Amino acid sequence: MTTVTDVAPTAPAKHRAEVATSLPPARGQSFLKLVALELRKSVDTRSGRVLIAAILLLAVAAITWQLTHLPQGTVGFEGFLGAASAGPMLILPVIGVMAMTSEWTQRTALTTFTLSPRRVRVQLAKFVSAVVLSAVVTTGVVLLAFAGTALAGATSGRGTSYAGLGGQLAGGYLTVALNVVMGAAFGAVIAQTAVAILVYFIAPTAWSLAGPALFKDNANWLDVFGALGRIAERDLHGMVPETLTAVGVWIVLPTVVGLWASSRREVK
């Protein structure tokens, strides 16, 4: 009797090994690519585009109002910049909130973290993309303010002034970045867009209103709006410890807690 040896199962195994060794090694995504992907996700959604459009429309409306209510004397860029940025400064942090909560509210976290398992890198890329996008939108607002100033000077014949331009822009961009990081930090901690936006607006405002009544001047240690205002003015008024403490409590601490929470949150 002849014994037949079945060798069929070994062939596929050998074939699979050969294919596996012939494939190139998988390469991880670079941090810059993650930032670019997060930027694209922020502007690809209808809510993101509507938010950016609303910010720019608010700036246009404010500049239009400023053009019809020119003060006496030389037309100053500072007045147009302040008017154009008042509304956007309130809304820009929502960009940060939405960047951090979109994966959880739209239920895309499973896909995102399957393709990029290192969650902290992804979350840091979201922080960076939110700051970059807010800087781009702020640049649009600044250009509108330049156009409004030039138009006012040309139509009124009073001349224009751009005194302190560098300091104004530096303070404005830094304040916007801190505000957006603060919004992103709240979004990372809470992970629900509506709730995070609500807490972002209510919690610091409640402290700025109730703190002085309860703690007098000591409330400045946790008044983040006062701290950001001093940073925007490029003058800390001798309140460096208070400013740093407020920024640390309202921005740095939520950022650290948000990164920690995001890295351990259950993905569904």
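Within helix α2 (31-44), D44 and R40 are separated by about one helical turn, because the two are four residues apart; helices here are DSSP runs of H or I with at least four residues, numbered from the N terminus. The two side chains form a salt bridge in which the closest N and O atoms are 3.3 Å apart, a salt bridge being a side-chain nitrogen of Lys or Arg within 4 Å of a carboxyl oxygen of Asp or Glu. D44 is partly exposed, with a relative accessible area of 45%, whereas R40 counts as exposed at 57%. In these terms, buried means under 20% relative accessible area, exposed over 50%, and partly exposed in between, with a 1.4 Å probe and protein chains only. The model is a predicted one, in which local features need pLDDT of at least 70 and side-chain atom pairs count only at pLDDT 80 or more, while totals for chains, interfaces and linings use all residues. Residues are numbered from 1 along each chain as its sequence is written, and side-chain values use heavy atoms, with hydrogens and water left out.

A search of the whole structure finds five salt bridges. Side chains of opposite charge can pair when their charged atoms come close. K41 forms a salt bridge with E103, with the closest N and O atoms 2.2 Å apart. Since K41 lies in helix α2 and E103 in helix α4, the pair ties together parts that are 62 residues apart in sequence. K41 is partly exposed, at a relative accessible area of 33%, whereas E103 is buried at 0%. E103 also forms a salt bridge with K126, where the closest N and O atoms are 2.9 Å apart. K126 lies in helix α6 and E103 in helix α4, so this pair ties together parts that are 23 residues apart in sequence. K126 is buried, with a relative accessible area of 0%. Through shared partners, salt bridges join E38, K41, E103 and K126 into one network.

Rolling a probe the size of a water molecule over the atoms shows where empty space is left. On a 1 Å grid over the protein atoms alone, probed at 1.4 Å, a pocket is an open set of points with protein on both sides within 12 Å along at least five of seven lines, and lining residues have an atom within 4 Å of a point. The largest pocket has a volume of about 620 Å³, a volume being the space filled by probe spheres set on the grid points, which are joined across faces, edges and corners. Its lining comprises 30 residues, of which S85, M89, G172, T175 and A232 lie nearest the centre. Two or more residues of this lining come from each of α4 (77-105), α6 (119-156), α7 (165-190), α8 (193-215) and α9 (224-232). The most is given by α4, with ten residues. By class, the lining of the largest pocket divides into 17 nonpolar, ten polar and three charged residues; Ala, Val, Leu, Ile, Met, Phe, Trp, Tyr, Cys and Pro count as nonpolar, Asp, Glu, Lys and Arg as charged, and the others, Gly among them, as polar.

The second largest pocket holds about 290 Å³ of space. It is lined by 20 residues, and K41, S42, T45, M98 and S102 are the closest to its centre. At least two lining residues are supplied by each of α2 (31-44), α3 (46-67), α4 and α6, with the largest share, seven residues, coming from α4. The lining of the second largest pocket has six nonpolar, ten polar and four charged residues.

On the surface, L90, L198, F201 and I202 form a nonpolar patch with about 380 Å² of accessible area together. Such a patch is made of residues with over 30% relative accessible area and no salt bridge, nonpolar side chains (Val, Leu, Ile, Met, Phe, Trp, Tyr) being joined within 5 Å; accessible areas come from the Shrake-Rupley method with a 1.4 Å probe, and for residues only the protein chains shown count as cover. Helix α8 contributes the largest share of the patch, three residues. I202 lies in helix α8 and is partly exposed at 47% relative accessibility.

Two residues other than glycine have positive phi values. A191, in the loop between α7 and α8, has a phi of about 65 degrees and is buried at 4% relative accessibility. H237, in the loop between α9 and α10 (240-264), has a phi near 55 degrees and is partly exposed, with a relative accessible area of 46%.

Notes. Patch = residues over 30% accessible without salt bridge, like charges linked within 9 Å, V, L, I, M, F, W, Y side chains within 5 Å.
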